[in-house]
Amino acid sequence: MRAIAYDRFGPPDVLRLVEAPAPEPRATDLLVRVAAAGVNRADLMQRTGFYGDQSFGESPLLGLELAGEVIEVGAEVTGFSVGDPVMAIVGGGAYAEFARVDHGMAVKVPSGLPLVQAAGVMEAFVTAWEAVAHLAEILPGQRVLVHAAAGGIGSAAVQIARALGASVYATASAERAADVRRLGAAAVIDYRVVDFEAETLRLTDGAGVDAVIDFIGGEYLARNLRCLAPGGRLVQVGILSGDADPAIPLDLLLHNHLRLIGTVMKSRTLDEKRAMVARFAAGALPRLAKGELRPVIDTILPLDLAAEAHRRLERGGGFGKIILAP
């Protein structure tokens, strides 16, 4: 099969199209013909050696999410049949024509959702549902601040918070403000020119928000905590700043009874990942089927342009997910 591989850590140019052996499904797996794969920042970090020799999955190939057609079903699998359109999270291997998928990490694609769009659902919406609905425990009438709202997970988080009945404040560039408002944000803060902490407090008349969903880290940490109302929750999903060791106003955390919650999917056990997918399937998948939630796709590129896809994601400035279509 055709697949994207690399033989050393480095810039996007290390990615190359190769012929690789097709994966062999186990009793609990689906074998999927990949129609499209989502590109995620974790792929960039893996390519540059951020994770070193750590292995969080079962394939040395890149790619954590995909959509496609089931072509083989393992002996112990129930609920799926050959020919089913599925979208799934994998422990590597999505940048290829065929992929092995644990059946507990897959769901059937809702009717009417094209596979190339479904490829941008799982990593973003499973992560965002976990952060917004499960960990932040957002309820109708509450207020949420979502950072990096034009990105794949951020755009999903805005939609989910709004669908749960929250008022959403979001940070994004001025160029993407209108796009983010169309997702349901009540206000979009241009983080390049406006102090998001001061603006959030102004928008809430000094009360603060009930939750912050953050992907940046670094010096955002203390500012995020100061944006929270008493009893508020900060859910830390990523560290795009690269600064993993910021100072924290511990007195504020204690005095206002705040909660700081970290989450990442890549390092979870298979059972934990399956539980996340199950929560997504129960809460978010019906909303996707009804069109209340939708994947936001920025660019679709052929598989052999994986290096260009990585360059585009590194440059930033897009709106939503970048997709590779074998």
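Modeller: A crossing of two helices is left-handed if the near helix is turned anticlockwise from the far one by less than a right angle, and right-handed if clockwise. By that rule H3 passes H4 in a right-handed crossing. The model is predicted, so local features need pLDDT of at least 70 and side-chain atom pairs pLDDT 80 or more, while totals for chains, interfaces and linings use all residues. Residues are numbered from 1 along each chain as its sequence is written, and side-chain values use heavy atoms, with hydrogens and water left out.

Helix H3 covers residues 122-135 and helix H4 residues 152-163 (helices are DSSP runs of H or I, at least four residues, and strands are E runs of at least two, numbered from the N terminus). The two helices pack at an angle of about 50°, with their axes 8 Å apart (axes are lines fitted to C-alpha atoms over the stretch in contact, and angles run from 0 to 180 degrees between N-to-C directions). That angle makes H3 oblique to H4 (under 35 degrees is roughly parallel, over 145 roughly antiparallel, 65 to 115 roughly perpendicular, and the rest oblique).

H3 is mostly covered, with 12 of its 14 residues buried (buried means under 20% relative accessible area, exposed over 50%, partly exposed in between, with a 1.4 Å probe and protein chains only). The buried residues of H3 include Met122, Phe125, Val126, Trp129, Val132 and Leu135. Just after H3, glutamate 137 has a positive phi of about 55°.

Now the charged pairs. The count comes to 25 salt bridges (a side-chain nitrogen of Lys or Arg within 4 Å of a carboxyl oxygen of Asp or Glu). One of them joins the side chains of arginine 47 and glutamate 314, at 2.6 Å from N to O. Because arginine 47 lies in helix H1 (residues 41-47) and glutamate 314 in helix H11 (residues 306-315), this pair ties together parts that are 267 residues apart in sequence. Arginine 47 is buried at 1% relative accessibility, whereas glutamate 314 is partly exposed at 38%.

Helix H1 also holds alanine 42, which is buried with a relative accessible area of 14%. Alanine 42 and leucine 64 are 22 residues apart in sequence, and their C-alpha atoms are 8.4 Å apart in space.

A second salt bridge is formed by glutamate 175 and arginine 192, whose closest N and O atoms are 3.3 Å apart. Glutamate 175 sits in the loop between strand S9 (167-172) and helix H5 (177-182), and arginine 192 in the loop between strand S10 (187-190) and helix H6 (196-203), so the pair links parts that are 17 residues apart in sequence. Glutamate 175 is exposed at 55% relative accessibility, and arginine 192 is exposed at 52%.

Glutamate 292 and arginine 287 also form a salt bridge, again with closest N and O atoms 3.3 Å apart. Glutamate 292 is partly exposed at 41%, and arginine 287 is partly exposed at 22%. Elsewhere, salt bridges link Asp13, Glu308, Arg311, Arg312 and Arg315 in a network.
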